[in-house]
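Subject: Structure handover

Hi,

Here is the structure I promised to pass on. My notes follow below it.

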Amino acid sequence: MKKNGFTLIELLGVITILAMLGVIIVPTISKVISDNKRELYDVQISNIKSGASNFVSENIFSDRLEIPSGSSIGIKLGKLKELGYVDSEISDPITKNKFSDDLIIMITNRDNVFSYTVCDGSVNCDYASVWE
């Protein structure tokens, strides 16, 4: 007699192997996706800081912007977008939402060495005023 198909034992064996592979693979893929979103978030924050740096480079020696040594000011992301220093569609890959235009970038001058901090809630920002 010719046998067509698989036995119940063979099917259960294949299903068990697939289930074990799923238990191993799904958490690994989930972690890789999460890590990649965090890395992309860091790249987006770096892009915002770069835009703020370009803004300062072009405006620090003009009448438009003055940051005395030892002090800090904040600038809103919306202003950097408006002036063309940051892409207007920049978004947070973790939440999948656009960064708020009210997001503050703190610019600190320490002996004409400028540092940039994005005040996204993960850091404490202490700036004197917001540049308009």
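**Salt bridges first**

D42 is partly exposed, with a relative accessible area of 40%. Keep in mind that this is a predicted model.

The partner of D42 is R38: the two form a salt bridge, and their closest N and O atoms are 3.6 Å apart. R38 is partly exposed too, at a relative accessible area of 44%. Both residues belong to helix 1, where they sit 4 residues apart, about one turn of the helix. An α-helix has 3.6 residues a turn, so residues three or four places apart point the same way.

The count of salt bridges comes to 6. Two others among them:

- D101 with K81: the closest N and O atoms are 2.9 Å apart. D101 lies in the loop between strand 3 (97–98) and strand 4, while K81 is in helix 2, so this pair ties together parts that are 20 residues apart in sequence. D101 is partly exposed, with a relative accessible area of 41%. K81 is buried, with a relative accessible area of 12%.
- K98 with E89: their side chains meet at 3.8 Å, N to O. K98 is partly exposed, at 47% relative accessible area.

**Helix 1**

How far does helix 1 reach from its first C-alpha to its last? The span is 75 Å, close to the 76 Å expected at 1.5 Å a residue. The helix covers residues 8–59, 52 residues in total.

Its buried residues are Y41, Q44, I45, I48, G51, A52, F55, V56 and N59. What covers them includes strand 1 (72–76), helix 2 (77–82) and strand 2 (91–92). Strand 4 (104–110), strand 5 (113–119) and strand 6 (130–131) are also part of that cover.

**The core**

The largest nonpolar core has 23 residues. Which of them have the most contacts inside it? They are I48, F55, L65, L77, L80, F99 and I105. Helix 1, strand 1, helix 2, strand 4 and strand 5 each give two or more residues to this core. Helix 1 supplies the largest share, 6 residues.

Best wishes

Conventions: Residues numbered from 1 in each chain as written. Predicted model: local features only at pLDDT ≥ 70, side-chain atom pairs only at ≥ 80, totals over all residues. Heavy atoms only, no water. Expected span 1.5 Å × (residues − 1). Buried < 20%, exposed > 50% of the residue type's maximum accessible area, 1.4 Å probe, protein only. Contact = heavy atoms within 4.5 Å. Core = buried A, V, L, I, M, F, W, Y, C linked by side-chain atoms within 4.5 Å. Salt bridge = Lys/Arg side-chain N within 4 Å of Asp/Glu carboxyl O.
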